Amino acid sequence: MIKFLLKGLIRDKSRSRLPVIVVAIGVTLTVFLHAYITGFMGDMIEINARFSTGHVKVMTRAYADNSQQIPNDLALVGVSAIMEKLGSQFPDIEWSPRIQFGGLIDAPDENGETRSQGPAMGMGVDLLSKGSAEPGRLNLSKSLVRGELPDMPGEALLSDELSLKLRVNPGDRVTLISSTMYGGMSINNFIVSGTLAMGHEALDRGTIIADIEDIRSALNMEDAAGEITGFFKTGFYNNELAINEAEKYNKSQNDGENDFAPVMKSLSNQGAMGAYVNMADVWADYISLVFILAMSLVLWNAGLLGGLRRYGEVGIRLAMGEVKGHVYRSMIIESVMIGIAGSVIGTIFGLFFSWILQKYGLDLSDMMKGSSMMIPDTVRARITPVDYYIGFFPGILSTVIGTMLSGIGIYKRQTARLFKELEA
Amino acid sequence: MIFITSVCLLTSIAAQDADEILKRVEKNMSSDNRIFESSMIIHGSRTSRTITSRSYSVGDKQSFTEYLSPAREQGTKMLKLENQLWIYSPSTDRTIQISGHMLRQSVMGSDLSYEDMMDDRKITEVYSARVTGKEMVEGRNALILELTAKVSDVAYYSRMMWIDSERYVPLREELFARGGQLLKRSTLSEVKQIDGRWFPTKIVYKDMLKQGKGTEFIINSVKFNQKIPDYIFTKAALKQ
């Protein structure tokens, strides 16, 4: 019977083409929207990961306990050895040492005396190593307002707002006054290579970014780093994996209660990020659910209309003596076939469009100019395993339910009235 | 009434005694000028570092310090004139004035802050003192003085001092915030008689809010009432 019904659907395009197209469009939209929401929510997490938390982060136990204060006196030492070990233990994660610090930027006048001064938050990252992913991760090229990225030691980037406040231009010399790892005062000169607008008020107010080796030298932190950030090579944060990797690493450390032993924390285990990760998951599910329900109503309606459209055909089949239950069952089986076909096609198209948005992204940087929020300027979708099956729920269920409802009328029709209807 | 009058009288006598004690302490500790070389051993939470320096001072208002070692700090100079403080860094050839919140920063990572160095007023001008008891400190009889700020612009609202009752040299000091929290503790020892005065040559400072085991400040040599050229206390001397 299935083969018979399938042939009927293929030969009678009026019964299959439009319903399959409607289901396919609905499923495409469902899959695409789910991937988009997952990607957008993930991007908000990613931007925090790139600037602050990493997907995972290795710090000393004491530093992790006071990380809000950026206590560089509690920083990791022997970072090269730790990096080597991390690289071999976690080959799917890219590791980058970073130093965060606070200080004053002092701009001298022509006599070398202080002309202007302003507080700044600083970051020492790997800017000068060949092939370093850090400039891209921090989106430095796109954030440049004036000048260029540092290409030699002793150069630094300043936030544009701070540079204007200090009346400093690319090429000018500024002095960073900060604290060494041992708490002493550190005074170091930098040449401003360029200025940045990061799109985040806190960062734009006062930031200095320099190569980590310069900052190590300035803060007396040879082979030391406040933190080693790790990023999954897939480019996406995976909370479950991050938690597992952190647990695995921490178990492999046998340093007892040593405050200076390295400890790994997943993104969701740092500050308020855990709550945000959970909230992002819940909201992604919630928004997807609302859309799926709406799409189900549309497809249910399509199934309902498809059934009603065949009112005459059903009448003739009943008049010819076909049993009501047989007609009803055959219509449901047909709707299942249409649902499956539409869902498969829709899922393929949905995944295709999602893949394009995942790979190339949608550049909204022009719209983001002047934004004080730390939100991504390129919107990307993210394909997750759920996207492979999520479209089948509205695609099959709604079509079948719609057909089932419209088919109830079959049982209510009387043979005597059928002939009158057919005569009319 | 008699009881209240007696209490007031006794308090007044105690205050007078305390002021007298502090004046005798200042006589030992202050001088018209001095030149000394010192080692500062900073016991951090991980390692200890030793920084040596040579200092020149005239009264409490002017001082000039040049750091001699280690190599990273060598050539760094500090100049204090009245209530202004400059630091010169040879690696950057910059002279930076330390002001505002920077004064709260630690000196070379020690348990001393620049603010501690800046307060050059006589202790009797800033605090009301009273004797509260006696105690043995490191085998010496000590008078305990409680000092409470009588001006508002002080870094520490109150202090407790243990003064050697025979030599009039402080043996221990505790500094408190207005809320009563202990902020810093210093222990003075190795008291020697130099040029007719008793003078402690080792001070251990401990910032109670900081990790680590404190900072030892050891005076290797000290000369009082020397001739110090005026140019030492100029900004030009920083770059020389």
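# A guided tour of two chains

Start where the chains meet: 18 residues of chain B are in contact with 19 residues of chain A. Keep in mind as you click around that this is a predicted model.

**Stop 1: the meeting place**

Colour strand S5 (84-89) and strand S6 (94-98) of chain B, the elements that each give two or more residues to the side of chain B that touches chain A. S6(B) supplies the largest share of that side, four residues. What kinds of residues will you find on this side of chain B? Sorted by type, there are nine polar, five charged and four nonpolar residues.

**Stop 2: the domains of chain A**

Now select chain A and give its domains two colours. Domain 1 is made of 2-47 + 276-423, and domain 2 covers 56-236. Their C-alpha centres lie 50 Å apart.

**Stop 3**

In soluble globular proteins, nonpolar side chains tend to be buried together. Here the largest nonpolar core has 97 residues, and those with the most contacts inside it are Ile105(A), Ala156(A), Leu158(A), Ile208(A) and Leu267(A). Helix H2 (residues 13-53) of chain A gives the largest share of this core, 15 residues. At least three residues of the core come from each of domain 1 and domain 2 of chain A.

Zoom in on Ile105(A). Which residues is Ile105(A) in contact with, leaving aside neighbours within four places in sequence? The list includes Gln117(A), Gly118(A), Ala120(A), Val174(A) and Ile208(A), and also Leu158(A), Leu162(A), Leu166(A) and Leu176(A).

Apart from this core lies another one, of 26 residues; Val25(B), Val107(B), Met108(B) and Val169(B) are among them.

**Stop 4: a covered strand in chain A**

Select strand S6 (155-159) of chain A. Five of its five residues are buried, so S6(A) is mostly covered. In a regular strand the side chains alternate between the two faces of the sheet. In S6(A), Glu155(A), Leu157(A) and Ser159(A) point one way, while Ala156(A) and Leu158(A) point the other way, and all are buried.

Next, show the partners of this strand. S6(A) pairs with strand S8 (residues 185-196) of chain A in the parallel sense over five bridges, and Leu158(A) has Thr195(A) as its bridge partner in S8(A). With strand S9 (residues 207-211) of chain A, S6(A) pairs in the antiparallel sense over three bridges. There, Ile209(A) in S9(A) is the bridge partner of Leu157(A).

Step back into the loop between strand S5 (144-147) and S6 of chain A to find Met152(A). Is Met152(A) buried or exposed? Met152(A) counts as exposed, because it has 10 C-beta neighbours inside 10 Å, and the cut-off for exposed is 12 or fewer. Draw a distance from Met152(A) to Asp211(A): the two are 59 residues apart in sequence and 8.8 Å apart in space, C-alpha to C-alpha.

**Stop 5**

Select helix H13 (residues 324-360) of chain A. At 1.5 Å a residue, its 37 residues should span 54 Å, and the end C-alpha atoms are 53 Å apart, which agrees.

**Stop 6: hairpins in chain B**

Move over to strand S9 (residues 158-164) and strand S10 (residues 170-176) of chain B, which pair in the antiparallel sense over six bridges. Ser158(B) stands opposite Phe176(B) in S10(B). These strands form a hairpin with five residues between them, and Tyr168(B) in the turn has a positive phi of about 55°.

Follow the chain onward: five bridges join S10(B) to strand S11 (residues 182-194) of chain B, and the two run antiparallel. Look for Leu175(B) opposite Lys184(B) in S11(B). This hairpin also has five residues between its strands, with Gly180(B) at a positive phi near 95°.

**Stop 7**

Most residues other than glycine have a negative phi, and most peptide bonds are trans. Glu190(B), in strand S11 of chain B, has a positive phi near 50°. Asp195(B), in the loop between S11 and strand S12 (197-207) of chain B, also has a positive phi near 50°.

Finish at Ser69(B) and Pro70(B), joined by a cis peptide bond with omega about 0°. Pro70(B) lies in the loop between strand S3 (62-69) and strand S4 (77-81) of chain B.

Key. Residues numbered from 1 in each chain as written. Chains lettered and ligands numbered in written order. Predicted model: local features only at pLDDT ≥ 70, side-chain atom pairs only at ≥ 80, totals over all residues. Contact = placed C-beta atoms within 7 Å. Nonpolar A, V, L, I, M, F, W, Y, C, P; charged D, E, K, R; others polar. Domains from an automatic or database assignment. Core = buried A, V, L, I, M, F, W, Y, C linked by C-beta atoms within 7 Å. Buried ≥ 20, exposed ≤ 12 C-beta atoms within 10 Å, placed from the backbone. Pairing = 2+ DSSP bridges. Expected span 1.5 Å × (residues − 1).
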